[in-house]
Amino acid sequence: MTAIWGIVNVTPDSFSDGGRYLEVDRAVAHGLRLRAEGASVLDVGGESTRPGAERVGTEVEQQRVIPVIEQLVAAGVPVSIDTLSAATAAAAVRAGARIVNDVSGGLADPDMRAAVAESGADFAIGHWRGFSADMYAHAEYRRVAREVAGELQERVGEAAASGIAPSRLIVDPGIGFAKAGAQNWDVLRGLDEIVALGPRVLVGTSRKRFLAETLQHDSVGGDEVSESRRDLATAVTSALAARAGVWAVRVHDVASTRDALAVVHAWTG
Ligand code: PMM
């Protein structure tokens, strides 16, 4: 059965009044709802990695995520920390996180691999070529899936050399990271090359821009593609990724993806 990672982003929103308490409370409540809907891991992040996003300092990042992780762990939920920072990863593991999810695969912070090795946590390695501010400048490929697989293999080697056992590794092709529009479909079409690397594979398409672009092209009207349409497209890509043999999918709307995966599993028997 393909696992579902539920996304818990702890970033200030327009409703939260900037109040730290409210932000933490909302994030915990949201996480527990995703857990009840079928998430087996909650992926907690305090820094947006969206295209063009500004970086936040590790102090602010930790103020956001640590209290949320502590409460989710106290409720018995397996937690992953979504961060580029070794210091935040270490603090999160001390607070009870079991997995460090680094979309840069250890490239953004030179201390990351040593921190993960020492922590004993699992390590999710993303395919990445540069920070959000200019990542599309690096979106040049000849054969996307093959190059992504090759670069992930290098990251896996570096992690192993740093003392992180292969059984603790998870690889992720980094949908949307240094990949534009159709290049993301090329990666998904070639998922078997990622699965063939050996480690568990995680894929995150949820609500991403390339899905909205695809739906936009197919739209009858010229409307902005709504969140619910992006969630439906996410459920379909997650189902197809499950068919391709991935271990887990990372999504915002757990309920729709859970239904889609139930259909896949009924189909495959
Ligand atoms: N995408 C985002 C953030 N973290 N982590 C992994 N492992 N894989 C992803 O594809 C990924 C990630 C960006 O999406 P969000 O801002 O909607 O959470």
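**Helix packing and aromatic pairs**

In the predicted model, Asp231, Thr234, Ala235, Ser238, Ala239, Ala242 and Arg243 of H9 meet Ser256, Thr257, Ala260, Leu261, Val264, Trp267 and Thr268 of H10, contact being heavy atoms within 4.5 Å. By class, this contact has 7 nonpolar, 5 polar and 2 charged residues. The axes of H9 (residues 227-243) and H10 (residues 254-268) come within 8 Å and cross at roughly 35°, where axes are lines fitted to C-alpha atoms over the stretch in contact and angles run from 0 to 180 degrees between N-to-C directions.

Residues are numbered from 1 along each chain as its sequence is written. As this is a predicted model, local features need pLDDT of at least 70 and side-chain atom pairs count only at pLDDT 80 or more, while totals for chains, interfaces and linings use all residues; side-chain values use heavy atoms, with hydrogens and water left out.

Across the whole structure, 3 aromatic pairs are found (ring centres within 6.5 Å, using the six-membered ring of Trp; planes under 30 degrees apart are stacked, over 60 edge-to-face, the rest tilted). Tryptophan 5 and tryptophan 247 form an edge-to-face pair, because their ring centres lie 6.2 Å apart with the planes at 85°. This pair links distant parts of the chain, with tryptophan 5 in strand S1 (residues 3-9) and tryptophan 247 in the loop between H9 and strand S8 (248-251), 242 residues apart. Tryptophan 5 is buried at 0% relative accessibility, whereas tryptophan 247 is partly exposed at 27% (buried, under 20% relative accessible area; exposed, over 50%; partly exposed, in between; 1.4 Å probe, protein chains only).

Key. Helices (H or I, at least four residues) and strands (E, at least two) are DSSP runs, numbered from the N terminus. Ala, Val, Leu, Ile, Met, Phe, Trp, Tyr, Cys and Pro count as nonpolar, Asp, Glu, Lys and Arg as charged, and the others, Gly among them, as polar.
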